[in-house]
Amino acid sequence: MSEQYPALLVIVPLLSALVISVAGWVNKRLCFPIAVAALGVAAWSSVGLLFRVLDEGVIVYKLGGWSPPMGIAYYIDYLNGLVLPVVSIVALLNLISSKKIVEQQFPDKAGPFYTLYVLMVTGLLGIVVTGDAFNLYVLLEIASLTGYGLLAMGEERAPLATLNYLYMGTIGACFYLLGIGYLYIVTGSLNMVDIARLLPPLYQSKAVLAAFIICMVGVWLKMAFFPLHAWLPNAYTYANSASSGLIAPLMTKVMVYVMIRLILTVFTPKFVFNTLAVHDAVVWLAVIAIVMGAVLALKERNLKKMLTYIVVAEVGYMVGGAWLGNRAGLTGAVLHIVNDALMTLCVFLVVGNIVYKIKGYAFGDLKGLFAKMPFTMGAFVIGALSIIGVPPTCGFFSKWYLILGAIQAHQYGFMVALLFSSLINVVLFFRVFEIGFYEPFSDHEGHEHHPAVMAEAPLTMLVPLYVVAISLILVGLYTGDIVNHIVQFVIPKGFM
Amino acid sequence: MTDLISTVVAKYNYWIYITLMMIGLYAMIAKNNLVKKIVGMNIFQTAIILFYVSIGVKKGATIPILEHGHGPDVHHVVHAVDYINPLPHVLMLTAIVVGVATLGVALALAIRIYNNYNTLEENEILTQVREK
């Protein structure tokens, strides 16, 4: 059974997406349990895979018994062994929380929603697990297309924002495909490990250079790296909270994983940091991304949109960390994929709970919220402290590694940007706390209630929220173990 | 000058795909109508399909189907040089499917937008959004 985990991870959600769409016609109440079961199997397999990787090292799974480079192989090493459980567990927790949101906002669309949801998770898990560059493109498009469908289910402005995302997303995926085309011309292979084996004599070739640049621009577009971020805030803000709770934590993080995979496995650090040597420029781009993300977040008077700009800034953290070109920076970037997925999920689940109860997420709607929804806001405080980077929450430790890496690489601009963005985050979140704590609750007609009546979100929304909030602290406390047992093996030997 | 012409002619497939791609990109950036933008996006995708298909071509080679490949008395040796590379073409079957799906999703979104705003011109939609 455990030999088949890599296949189960993708095939169970894929097939159950078909089952859910049929079940939606028969009885809408069947859709949710099937989706939970499918993602439960995926989460179980991904955790099982992580433990197998810890025991045995890299796992190679040949799909259909065809050995690479002819067939498609799934490679699970320490990097995606760590990212897979994060993706599947974040998706599962948000799914449980989304049940009430779906019942409240679009009960008649439960079938299509859960079908798209499970298909999107299939795509995301497939991107992370696959060892074939073209297969990655196909799964990327599966995840993107279902993501467009999910994001368009929302407010009146959602379809237009999603269409803008679709243009940018398609260009990004096309660029990635084009880059893979150039790699295929020079190497004749699509298997990542095989490409890496064939590339070293060709490092001076202009085609390889073009392939690398085009792939990177494509991936940056998909992850909303600063100058290419314009699609993200509107698309995530106007979507319903069940969709944005899945896509905001995972899509950008999975694309950061793809970038690190391309740097480490396909092109190898030797090419990226020694032959090419543009990493200083990219780190400066990341500095601009972090500063601009923070400043634009400061401008917003709306909780959800503010959080989307924080996502943009966090992408800058990870890209910068990965491009510092040293061990500490890369450790910080990989850790931050895990931490940021959990932190973003935490704050977006909070937004989901607030929208479920208050029907709004502008700053004016948040008045008196600590009295009205104390448990939700308690979790929000933990999530906010983690994004700011207060120990012992996990956000502190990844930021610590990133700053350490910046100092070792003498990139003091990056260090200053990280500290600056932490300070801005303090302002951002304490402004929200102040509105929620001190300003009295008022309903939409302007009548003030003293004292506000407690009206908490239902238990199926609070339990996932608290699981995430507690995991933020636990991951923080066990950071040392995660780094010693997993992350240090991600980084190839001989990498300083 | 003759050097330039000979480079362009020798690698004309790349020049055509780049031109098509730029036409698509231009339409996506400059056009005001949402459907025209979507068509531009489709041209952009098609350019990449052309690029992939053209790299599988080989001079003097034939389609990759074995003549008399089956049966009990097959003795001849297969020379890979005689056949064009079928792999990029097979990959593009998937890319075509992706392109059609993207086009479908984009047009469906355009219908939703038209129902909301009663227009497909981007500037008119943006004025309506700002007025609200």
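Does Ala224(A) count as buried or exposed, and what is the number of its C-beta neighbours inside 10 Å?

With 28 such neighbours, Ala224(A) counts as buried, a residue being buried if 20 or more other C-beta atoms lie within 10 Å of its own, exposed if 12 or fewer and partly exposed in between, with C-beta atoms placed from the backbone. The model shown in these views is predicted: local features need pLDDT of at least 70, side-chain atom pairs count only at pLDDT 80 or more, and totals for chains, interfaces and linings use all residues. Residues are numbered from 1 along each chain as its sequence is written, while chains are lettered from A and ligands numbered from 1 in the order in which they are written.

**Figure 1. Overall form of chain A.** Chain A contains 20 helices and 2 strands; helices (H or I, at least four residues) and strands (E, at least two) are DSSP runs numbered from the N terminus. Its C-alpha atoms fill a box of roughly 75 × 55 × 40 Å along the principal axes. Buried residues account for 60% of the 496 residues in chain A. Of the contacts in chain A between residues at least 6 apart in sequence, 80% join residues at least 24 apart; two residues are in contact if their C-beta atoms, placed from the backbone, lie within 7 Å.

**Figure 2. The nonpolar core around Tyr117(A).** The largest nonpolar core has 227 residues, of which Val87(A), Tyr117(A) and Cys346(A) touch the most other members. Such a core is a set of buried Ala, Val, Leu, Ile, Met, Phe, Trp, Tyr and Cys residues joined through C-beta atoms within 7 Å. Helix α14 of chain A (residues 327–358) gives the most to this core, namely 20 residues. Apart from neighbours within four places in sequence, Tyr117(A) is in contact with Ala35(A), Leu95(A), Leu150(A) and Leu246(A).

**Figure 3. The surroundings of Lys253(A).** Lys253(A) belongs to helix α10 (residues 241–266) of chain A. This lysine counts as buried because Lys253(A) has 28 C-beta neighbours inside 10 Å. Residues up to four places away in sequence being set aside, Lys253(A) touches Ile337(A), Asp340(A) and Ala341(A).

Figure 4. Most residues other than glycine have a negative phi, and most peptide bonds are trans. Ala224(A), in the loop between α8 (206–223) and α9 (232–238) of chain A, has a positive phi near 65°. Lys359(A) is not a glycine, yet its phi is positive, at about 65°. Lys359(A) is placed in the loop between α14 and α15 (369–372) of chain A, and it counts as exposed because it has 10 C-beta neighbours inside 10 Å. The peptide bond from Pro391(A) to Pro392(A) is cis, with omega near 5°. Pro392(A) itself lies in the loop between α16 (374–388) and α17 (394–408) of chain A.

**Figure 5. Overall form of chain B.** Chain B has 5 helices and 0 strands, in the order α-α-α-α-α along the sequence. Its radius of gyration is 22 Å, well over the 14 Å that the globule rule gives for 132 residues, so chain B is more spread out than a compact globule. The C-alpha trace of chain B spans about 75 × 50 × 10 Å along its principal axes. Of its 132 residues, 20% count as buried.

**Figure 6. The contact between chains A and B.** The contact takes 25 residues from chain B and 22 residues from chain A. On the side of chain B that touches chain A, two or more residues come from each of α3 (34–55), α4 (87–117) and α5 (122–131) of chain B. The largest share of this side, 13 residues, comes from α4(B). By class, the side of chain B that touches chain A has 19 nonpolar, 4 polar and 2 charged residues; Ala, Val, Leu, Ile, Met, Phe, Trp, Tyr, Cys and Pro count as nonpolar, Asp, Glu, Lys and Arg as charged, and the others, Gly among them, as polar.

**Figure 7. Helix α4(B) and its cover.** The 31 residues of α4(B) reach 45 Å from first C-alpha to last, close to the 45 Å expected at 1.5 Å a residue; the expected span is 1.5 Å times one less than the number of residues. Among the buried residues of α4(B) are Leu91(B), Ala95(B), Val98(B), Thr102(B), Val105(B) and Leu109(B). What covers the buried residues of α4(B) includes α5 (133–152) and α6 (158–187) of chain A, together with α3 and α5 of chain B. Asn118(B), whose phi is positive, near 65°, follows α4(B).

Notes. Rg over C-alpha atoms; globule rule 2.2 N^0.38 Å.
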